[in-house]
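Colleague: Please take me slowly through the pockets and the ligand of this model.

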Amino acid sequence: MRTLLLNPGPVSLSARVRRAMLGPDLCHREPEFAQLQAEIRRNLLGVYALDEVSWAAILLTGSGTAAVEAMLTSLVPSDGHVLVVENGVYGERMTKILQRYGIAHTRIEHSWLEALDRSAIEEQLANLPNISHVAVVHHETTSGRLNDLADLAALCGRYDAELLLDAVSSFGAEDIDFVELPIAACAATANKCLHGVPGTCFVIASRAALTGSRGSARSVYLDLHGYVEQQDRFGTPFTQSVQTFYALAEALDELNDEGGRRVRQQRYLDRMNRVRTHLIALGVKPLLPDGASSCVLHAFYLPTGLNYATLHDGLKARGFVIYAGQSNLAQQIFRISMMGDLVDADVARLCAAFNEVIAAA
Ligand SMILES: *Cc1c(COP(=O)(O)O)cnc(C)c1O
């Protein structure tokens, strides 16, 4: 029996994505690689129907955090100031990155269970007139919360700030309104909602934001300006992970063949709701109220009398890997994601596995 990964990345691979990695050896200075890279860049923009004049997809070798770090350290001009909105591990990580590089920032902390506090954010924007960017996590994987970007965008518009988005666990499934939202850039990865393998990550940046921040990269390796300059000329500044590029190219074709992002979003939503309804009927309580979570991942309180290890091991013995909570939530919750190569029958088997493990507790 195949073990299915229900953790928030890496995901269970389809056979075609796995097979794609066995493609021919490629030198990253040969035209075959240039073609592969150009195709991926085009298809990444295609996921949200973005035009190549206004936007650039920039490919990096690394996990999702590399894309977030590249975005934060390349796109904030030296006189910029970032307002970081934190309500989970990944928001806090953005602050850590800005701290480490000495980039001017102010943080707005929330508890991990809170929605964004509009009035607190507005107060900061009003008090700090030099805020150039608001950095926020779209889907805060810590709790499963989908942060409300439209609300934030309205504030950014009023105070002339642009969004730097960690969309690592939402890109490819959730709605991201690149037309209406003042997005300077978003960071994402191959191995979450796009169903590729870990090793390739990317930033989708507006061309205007790239132009406006030219020369402000603080890192040599994570310099988005260097990458985009070379990738626009079909090159690459450094060796890329060729096999994970193959996988991403195939995963993007697969997404198109399945009907695109909206179809994937609906599938996640249907399956997630099915699991949620089933668990609630078993007496398991969701961490967040109805409507607050992404379609990608939901968090639940551990059933009474069942610790995480017992639940995890019971489900793993039945072919499913779930995910623990982080830090102070580790003893309280578990998380389930619907990303990756799953079918409806897998969800039915998962529900049956929960019945057995909870009944045995
Ligand atoms: C997964 C994830 C990341 C990146 O994590 P990596 O381990 O570096 O891939 C960043 N932000 C969010 C919201 C995530 O879910």
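**Pockets and ligand**

Colleague: How do the residues of the lining of the second largest pocket divide by class?
Modeller: This is a predicted model, in which local features need pLDDT of at least 70 and side-chain atom pairs count only at pLDDT 80 or more, while totals for chains, interfaces and linings use all residues. Residues are numbered from 1 along each chain as its sequence is written, and side-chain values use heavy atoms, without hydrogens and water. A pocket is an open set of points on a 1 Å grid over the protein atoms alone, where a 1.4 Å probe fits, with protein on both sides within 12 Å along at least five of seven lines, and lining residues have an atom within 4 Å of a point. With Gly counted as polar and Tyr as nonpolar, the lining of the second largest pocket has 8 nonpolar, 9 polar and 3 charged residues.

Colleague: Which elements give two or more residues to the lining of the second largest pocket?
Modeller: This pocket holds about 300 Å³ of space, and among its 20 lining residues, Thr65, Tyr90, Arg93, Val168 and Lys192 lie nearest its centre. The elements that give two or more residues to this lining are H3 and H4.

Colleague: Which pocket does the ligand take up?
Modeller: The residues around the ligand (a heavy atom within 4 Å) include Thr65, Tyr90, Arg93, Val168 and Lys192, and these five are also named as lying nearest the centre of one pocket. The ligand sits there, with more than half of its atoms within 2 Å of the grid points, and the space that the ligand takes is the second largest pocket.

Colleague: What share of the area that the ligand exposes when taken alone does the protein bury?
Modeller: Taken alone, the ligand exposes 380 Å², an area from the Shrake-Rupley method with a 1.4 Å probe. Of that area, the protein buries 84%.

Colleague: Which element gives the most to the lining of the largest pocket?
Modeller: The largest pocket has a volume of about 360 Å³ and is lined by 24 residues, with Leu146, Gly291, Ala292, Ser293 and Ser294 nearest its centre. Among the elements that each supply at least two lining residues are helix H5 (118-127) and helix H6 (149-159). The most, 4 residues, come from H10.

Key. Grid points are joined across faces, edges and corners, and a volume is the space filled by probe spheres set on the points.
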